[in-house]
Amino acid sequence: MPVRRKKRQSVILPTSSMGDIAFLLIIFFILASNFMKTANVEAEKPASEDVDSVEDAQVSVAVDSTGKYFVQGVEVSRAEVESAVVQAVGEHREKPVHLLVDKSLRREHYMPVLEALGAAGVKVVFVGDKL
Amino acid sequence: MPRPKKERPSAEIETGSFSDISFLLIIFFVLTTTLSKPTGRLVDIPSASPPEQQKKSEDNTPSIKVFGDKVLFGVGQKEGDEVTLPELKGRLIKYAFPSKSEKERMVVVEVADDVQWDRYFKVVTLVAETGGVVALVEEE
């Protein structure tokens, strides 16, 4: 008598939904990431021993190496800095504003920004590398 | 005699490799992304106070004058003496700012016109590290 072979179970996994899963992952990562707002600003960071890691920036102010002012990556004039910061901060006064200034700039360039931020009454994080 | 029918090209698009493509895209983006962990220091900058108030508090507030080549540390109106940055930190720590009220934590930082941001940044973050509140002063 011939031995009956057991029928083998098929081992094909359904893979048609893999693409959907992958696209969902892509969309998730794009939405969950926080894009740098100062990516278009050419400024060299200063360095100090007294810095630590800080939270990501919600609002960022930058002064590039030619002395141009940027709020949220958009260029503004010196006089507009304060109003632009107040507008960008909105009601989230407790959220600190990140300030990135090119390391080689002189007082005439950074002092107006500091005064504007002081007048706007916001918390300021000075951005720089750890020495 | 019946003519043999031409074989129609299939209208289905092969989608089996789409998942491979998108997983490759994910891996590519994950690897090329630089995760930036911003570093910096929270610095207290009080909004500009009227000049009389500043004058009054000047008698015993520590004041720092930053020049391109030296840093002077003094108390009140007295002319300061030259210090290095580590010395400055030691002196400011003695004030024990964290246990004081905001008014008593005031440190006047004056800066000369030719001082670059990098230098000013070092002094201001040092003051903030010791718990001081930086009062901005424009040099006349």
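Me: What makes the span of helix α1 of chain A close to the one expected?

Reply: Helix α1(A) covers residues 18-32, which is 15 residues. The expected span of a helix is 1.5 Å times one less than its number of residues. For α1(A) the expected value is 21 Å, and the helix reaches 21 Å from its first C-alpha to its last. Helices here are DSSP runs of H or I with at least four residues, and strands are runs of E with at least two, numbered from the N terminus.

Me: How should I read the names and numbers?

Reply: Residues are numbered from 1 along each chain as its sequence is written, while chains are lettered from A and ligands numbered from 1 in the order in which they are written. The model is predicted, so local features need pLDDT of at least 70 and side-chain atom pairs count only at pLDDT 80 or more, whereas totals for chains, interfaces and linings use all residues.

Me: Why is α1(A) called hardly covered?

Reply: A residue is buried if 20 or more other C-beta atoms lie within 10 Å of its own, exposed if 12 or fewer, and partly exposed in between, with C-beta atoms placed from the backbone. Among the 15 residues of α1(A), the count that are buried is 1. In chain B, 24% of the 140 residues count as buried.

Me: How do you know that β4 and β5 of chain A pair?

Reply: Two strands pair if DSSP finds at least two bridges between them. Strand β4(A), residues 69-71, is joined to β5(A) by 3 bridges, and the two run antiparallel.

Me: What joins β2 of chain A to β1 of chain B?

Reply: There are 2 antiparallel bridges between β2(A), residues 52-53, and β1(B). A:Asp52 is opposite B:Gly40. Both strands belong to an open sheet of 7 strands with mixed pairing, in the order β2(A)-β1(B)-β7(A)-β6(A)-β3(A)-β4(A)-β5(A).

Me: What makes a strand of chain A an edge strand here?

Reply: β2(A) and β5(A) each have a single partner strand, so one side of each is left without a neighbour in the sheet.

Me: What makes up the contact between the chains?

Reply: Two residues are in contact if their C-beta atoms, placed from the backbone, lie within 7 Å. Chain B supplies 35 residues and chain A supplies 44. On the side of chain B that touches chain A, α4(B) gives the most, with 8 residues.
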